[in-house]
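Reader: I have a model open on my screen and would like to learn how to read it. Could you walk me through some features, one at a time?
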Amino acid sequence: MDEKDLGADLAKVLIPEDRLQAKVRELAAQIDDDYAGRDLLLVGVLKGAVMIMADLARELHTPASMDWMAVSSYGSGTKSSGVVRILKDLDTDILDRHVLIVEDIIDSGLTLSWLMSNLRSRRPASLEICALMRKPEAVRTEIDCRYLGFDIPNEFVVGYGLDYAERYRNLPFVGTLAPHVYGGASD
Ligand SMILES: O=P(O)(O)OC[C@H]1O[C@H](OP(=O)(O)OP(=O)(O)O)[C@H](O)[C@@H]1O
Ligand code: HPA
């Protein structure tokens, strides 16, 4: 699916496909430098992180295992419900493992803040975050994101894994929606 197929749904392309892919290569190179010789476990947060996880994992030279967690803090709209629930837990015991959480976006920071304390309590050897995007709200939270792709404006974004009501995840770029699609609310 590309920009022209979206018709009136899309307000603009925020991060085009070539910039996304270049950034993923950059992040993978940093991760390779830092994790050389270590046993790396990538933990993708479903479903939004599917694209970044798949592309990042393929760019890495460091051997890495992959596991997935699904948590829910959003309903079907654009606003965090404030309650985080585990929908799918890890299959892996992360005790003494080097764990890198892979996320698509840090918005309020609620999901990652909760996830960090949940995973930290399982006593991994190390625990870091790689996130493709971060919104300004999250800058005020305590989240220490070691590998960050882009700081973006406080707008609701879709594409490259991110959805609105389960749509638009398979766009190869990140864009913003036209206000009529989601009623114009920005949070
Ligand atoms: O920083 P926060 O405000 O907590 O928001 C970020 C989280 O929200 C989205 O997930 P969502 O709960 O929409 O699930 P999804 O990945 O399945 O779309 C996104 O993928 C992050 O996991
Ligand atoms: O801007 C966003 N877009 C899609 N999903 C999200 N989850 C948190 N923020 C966003």
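Reader: Let me begin with D32. Where is D32 placed?

Author: This is a predicted model, and in it D32 sits in helix α1.

Reader: Is D32 buried, exposed or partly exposed?

Author: Burial is read by counting neighbours: 20 or more other C-beta atoms within 10 Å makes a residue buried, and 12 or fewer makes it exposed. D32 has 15 other C-beta atoms within 10 Å, so it is partly exposed.

Reader: Which residues is D32 in contact with, leaving aside its neighbours within four places in sequence?

Author: Those are L60, H61 and T62. Take T62: it is 30 residues from D32 in sequence, yet their C-alpha atoms are 5.7 Å apart in space.

Reader: Now for helix packing. How do I describe two packed helices?

Author: You give the angle between their axes and the distance between the axes. Here, α1 (residues 17–35) and α2 (residues 50–59) pack at about 55 degrees, with axes 9 Å apart. The two helices are therefore oblique to each other, and α1 passes α2 in a right-handed crossing.

Reader: Which residues meet there?

Author: From α1 come Q21, V24, R25, L27 and A28, and from α2 come I52, D55, L56 and E59. By class, this contact has 5 nonpolar, 1 polar and 3 charged residues.

Reader: Where do I find D96, and is it buried or exposed?

Author: D96 is in the loop between β4 (80–88) and β5 (98–106). With 11 other C-beta atoms within 10 Å, D96 is exposed.

Reader: And why does Y160 count as buried?

Author: Because Y160 has 27 C-beta neighbours inside 10 Å. Y160 lies in the loop between β8 (157–158) and β9 (174–177).

Reader: Last one: how many residues surround ligand 2?

Author: There are 7, and the closest are I105, D107, F156, V157 and L162. Sorted by class, the shell has 6 nonpolar, no polar and 1 charged residues.

Methods
Residues are numbered from 1 along each chain as its sequence is written. Chains are lettered from A and ligands numbered from 1 in the order in which they are written. This is a predicted model: local features need pLDDT of at least 70, side-chain atom pairs count only at pLDDT 80 or more; totals for chains, interfaces and linings use all residues. A residue is near a molecule or strand if its C-beta atom, placed from the backbone, lies within 6 Å of it. Ala, Val, Leu, Ile, Met, Phe, Trp, Tyr, Cys and Pro count as nonpolar, Asp, Glu, Lys and Arg as charged, and the others, Gly among them, as polar. Axes are lines fitted to C-alpha atoms, for helices over the stretch in contact, and angles run from 0 to 180 degrees between N-to-C directions. Helices (H or I, at least four residues) and strands (E, at least two) are DSSP runs, numbered from the N terminus. Angles under 35 degrees count as roughly parallel, over 145 as roughly antiparallel, 65 to 115 as roughly perpendicular and the rest as oblique. A crossing is left-handed if the near helix is turned anticlockwise from the far one by less than a right angle, and right-handed if clockwise. Two residues are in contact if their C-beta atoms, placed from the backbone, lie within 7 Å.
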